[in-house]
Amino acid sequence: DHPSNSPTENIENALSQLNCQLADDLMIEIMKMSPYEFESLVVKLLVKMGYGNMNTGTYVTKKSGDEGIDGVVTQDKLGFDSIYIQAKQWKRSSPVGRPDMQKFLGALAGQGATKGLFITTSYFSSDAVAFANKQLNHKIILVDGDLLTRLMIEYNLGVFTHKTYEVK
């Protein structure tokens with residue numbers, strides 16, 4: 001703690017440190033999952049975030065013959081607009097590159113889809129990000145490992161509240 005910090009700043013710094021450690025612990029557990037379990041985790045997270053539900057076409061694709069699509073969620077509870085998902089459970093040292101984005105774009109086009117979500121435990125190369133951002137007919141959202149664990153913490157997936165402090 002820095003002596004010039006207010007008590008509130010000290011609390012916020014401590015919470016930030018706890019969440020960083022929690023995110024690291026979550027990633028360790030995620031990397032222990034099978035690829036299919038990881039794809040299911042991604043779909044569960046999206047449902048917790050308010051996308052689709054099990055009655056409106058939210059699902060993880062079969063293990064084989066998925067044509068490059070790992071899951072599908074609807075944009076809302078009523079089932080408007082499908083969002084197609086690619087989920088890559090890769091080591092932090094292996095970035096998702098432009099060729100992976102091009103394959104995903106091809107998979108989206110093959111489904112007649114315009115919206116895609118690419119989630120990885122790793123990170124995206126600058127070429128991959130640039131490629132995804134320049135698509136005019138397809139909206140591709142990228143979620144890397146850091147954002148994935150932050151979203152899991154925010155939406156209480158794989159975590160629970162240990163203690164609550166009330167500041168007055």
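**A walk through strands, helices and rings**

Hi everyone, let's start with a β-α-β unit: strand S4, helix H4 and strand S5 make one, and its hand is right-handed. Please keep in mind that this is a predicted model. H4 covers residues 126-133.

Now the two strands. S4 spans residues 115-120 and S5 spans residues 139-143. They run parallel, and five bridges join them. If you want one to find on screen, look for Ile119, whose bridge partner in S5 is Val143.

A pair of aromatic rings is described by the distance of the centres and the angle of the planes. The structure holds two aromatic pairs. One of them is formed by Phe104 and Phe118, with 5.4 Å centre to centre and 85 degrees between the planes, an edge-to-face pair. Phe104 sits in helix H3, residues 98-111, and Phe118 in strand S4, so the pair ties together parts that are 14 residues apart in sequence.

Last stop: two packed helices. H1, residues 7-31, and H5, residues 145-154, pack at an angle of about 105 degrees, with their axes 9 Å apart. How do we put that angle into words? Angles of 65 to 115 degrees count as roughly perpendicular, and H1 and H5 are therefore roughly perpendicular to each other.

Which residues make the contact? From H1 come Asn19, Leu22, Ala23, Leu26, Met27 and Ile30. From H5 come Gly145, Leu148, Thr149, Met152 and Ile153. Sorted by class, the contact of H1 with H5 has eight nonpolar residues, three polar ones and no charged ones.

Definitions and conventions
Residues numbered from 1 in each chain as written. Predicted model: local features only at pLDDT ≥ 70, side-chain atom pairs only at ≥ 80, totals over all residues. Heavy atoms only, no water. Axes fitted to C-alpha atoms, helices over the stretch in contact; angles between N-to-C directions. Helix = DSSP H or I, 4+ residues; strand = E, 2+ residues; numbered from the N terminus. Parallel < 35°, antiparallel > 145°, perpendicular 65-115°, else oblique. Contact = heavy atoms within 4.5 Å. Nonpolar A, V, L, I, M, F, W, Y, C, P; charged D, E, K, R; others polar. Pairing = 2+ DSSP bridges. Right-handed = clockwise from strand over helix to strand, strands pointing away. Phe/Tyr/Trp six-rings, centres within 6.5 Å; stacked < 30°, edge-to-face > 60°.
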